[in-house]
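Work through the exercises below with the model open in a viewer. Each task is followed by a solution in steps.

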Amino acid sequence: MEPNTVVVMQEGILDIAKKSSLHGLKFKTCYARLVHGAIYIYKTQHDDNFKCVDIEFALLDTNQNATTRPNTFAVRNSSNKVIYLSSNSSSEFTQWSEKVKECLGKKNNAGAPIVVGNGEVKREGRTDVLFRAKKNISGKIAASGVGKSGLKKLIPEEGRDLISSVKKIIKRVSNEEKANEIEKNIIKILVKVFFQIDNKTIEIQEFAKVDKALREAFNQLDRAFRFYGVKKGTDLLPIFDKSAAALKEAENEAVTLFSPYLRPHNLQKLKSTFAFLGSADFFIKVWDDMEIEDDLFLLISALNKYTQIEIIN
C-alpha cells in the first residue's frame, strides 16, 4: 500500500440526519465511507462531492431508544453536534457501530478520498490538526498585530472548540476577564509554537518530554472525572495534586524548550497560564460546579482522546 493510501474500514448506504430542535430528525439516504478519524458522506457511491464528519474527538451512542428509527446510531463531536446514521438491518447496524467505534480517536490525515479499488482510497493532501495549523500559520505569523480574533482563525476548528470549552469553564469559576486573558495566552502561544515547528527550528520529537507530562496530567483528570458529581473536589485532592505536579513538569519542559524562541513576556504568559490551569484549587472549583458538566465533559473527552493517540514516535 502506498504511503498516501488508507483502508476504508466500512462503506455502504446509510440514512443520515442531524438533530434539529425545529424539525426533529429528517433522514436522507446517502453513501458513506468510514476511515480512521472520519466518515465521508456522498449523495451516491460514484459522487465526487462529499461532506466529512470528523470523529477524531467524537463519541458513539448506540442507544436504540435515542430515536424511533431502528438500527440507528449517533455520533457526537467535540462541539456537541450530533448526527444520526441509520442502517438497513440489525447486522449492518452491528458492523457499522463496531467499525465506527474502532475508528474513534484516530487522526484523520485525509483530504478528499479517491477510490482506487480493493477497499482503499488515496489522500489528496492532509487535513490533520498540526498540518492545517502549520499551513494556516506559514507566512502569516509576521502579522503579530492581527489581534486575538485573527490569531484564533489560524487554529484548526478542533483546537478552537477545545479552547472555547476551557474559556467557558474559567469564566464560570473565575471571571470573564481571566477567561479572556487565558484564552488570548493559549492562542498566541500555540500559534508561535506551531510557527517554530513549521520553520523546523523545533522538531516535533523535541516536544516528547512536554507531551509525556501532559499525558500524565490528562490521565489524572480523566480519572477524577469518573467521580464528578459523586465526590467533592476536596475528596479528589490526591488526584488533583498529581495532575498539578505533571502540569508543572510540562511547564518546566516547555519553558526549557521554547525559551530560545519566545520573548520574555511570552514565556511569562506561558508560565502564568500553566500556573492558573494547573492549580489544584482551580480543579476543586471546577469539580464542585455542577453547572458546567457539558463543557467539562467535552474537555475531558478531548483530553482523553489526546492520550490515546501517539503524536510523537
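The model is predicted: local features need pLDDT of at least 70, side-chain atom pairs count only at pLDDT 80 or more, and totals for chains, interfaces and linings use all residues. Residues are numbered from 1 along each chain as its sequence is written, and side-chain values use heavy atoms, with hydrogens and water left out.

**Exercise 1.** State how many salt bridges the structure holds, and describe the one between Arg69 and Asp15.

Solution. 
- Criterion: a salt bridge is a side-chain nitrogen of Lys or Arg within 4 Å of a carboxyl oxygen of Asp or Glu.
- Count: there are 9 salt bridges in the structure.
- Distance: in the pair of Arg69 and Asp15, the closest N and O atoms are 2.4 Å apart.
- Location: this pair links distant parts of the chain, with Arg69 in the loop between strand 6 and strand 7 and Asp15 in strand 2 (residues 10-18), 54 residues apart. Helices (H or I, at least four residues) and strands (E, at least two) are DSSP runs, numbered from the N terminus.
- Buried means under 20% relative accessible area, exposed over 50%, and partly exposed in between (1.4 Å probe, protein chains only).

**Exercise 2.** Describe the salt bridge of Lys99 with Glu102, then that of Lys167 with Glu183.

Solution. 
- Lys99 and Glu102 meet at 3.9 Å, N to O. Both belong to helix 1 (residues 90-103), 3 residues apart, about one turn of the helix.
- An α-helix has 3.6 residues a turn, so residues three or four places apart point the same way.
- Lys99 is partly exposed at 28%, as is Glu102 at 38%.
- For Lys167 and Glu183, the closest N and O atoms are 3.3 Å apart. Lys167 is in helix 4 and Glu183 in helix 5 (residues 176-198), so this pair ties together parts 16 residues apart in sequence.
- Lys167 is partly exposed, with a relative accessible area of 25%, whereas Glu183 is buried at 3%.
- Ser164 is partly exposed at 25% relative accessibility.

**Exercise 3.** Which residues gather in a patch of positive charge on the surface?

Solution. 
- Criterion: patch residues have over 30% relative accessible area and no salt bridge, and like charges are joined within 9 Å. The place of a Lys charge is taken as NZ.
- Members: the patch gathers Lys18, Lys26, Lys28, Lys43, Lys51 and Lys81.
- One member in detail: Lys81 sits in the loop between strand 7 (72-76) and strand 8 (82-86) and is exposed at 53% relative accessibility.

**Exercise 4.** Check the span of helix 8 and list its buried residues.

Solution. 
- Rule: the expected span is 1.5 Å times one less than the number of residues.
- Result: the 14 residues of helix 8 (residues 264-277) should span 20 Å, and the end C-alpha atoms are 20 Å apart, which agrees.
- Buried: Asn266, Leu267, Leu270, Thr273, Phe274 and Phe276.

Technical notes. Patches are made of residues with over 30% relative accessible area and no salt bridge: like charges are joined within 9 Å, nonpolar side chains (Val, Leu, Ile, Met, Phe, Trp, Tyr) within 5 Å. Accessible areas come from the Shrake-Rupley method with a 1.4 Å probe; for residues, only the protein chains shown count as cover. Lys and Arg count as positive and Asp and Glu as negative; His and the chain ends are not counted.
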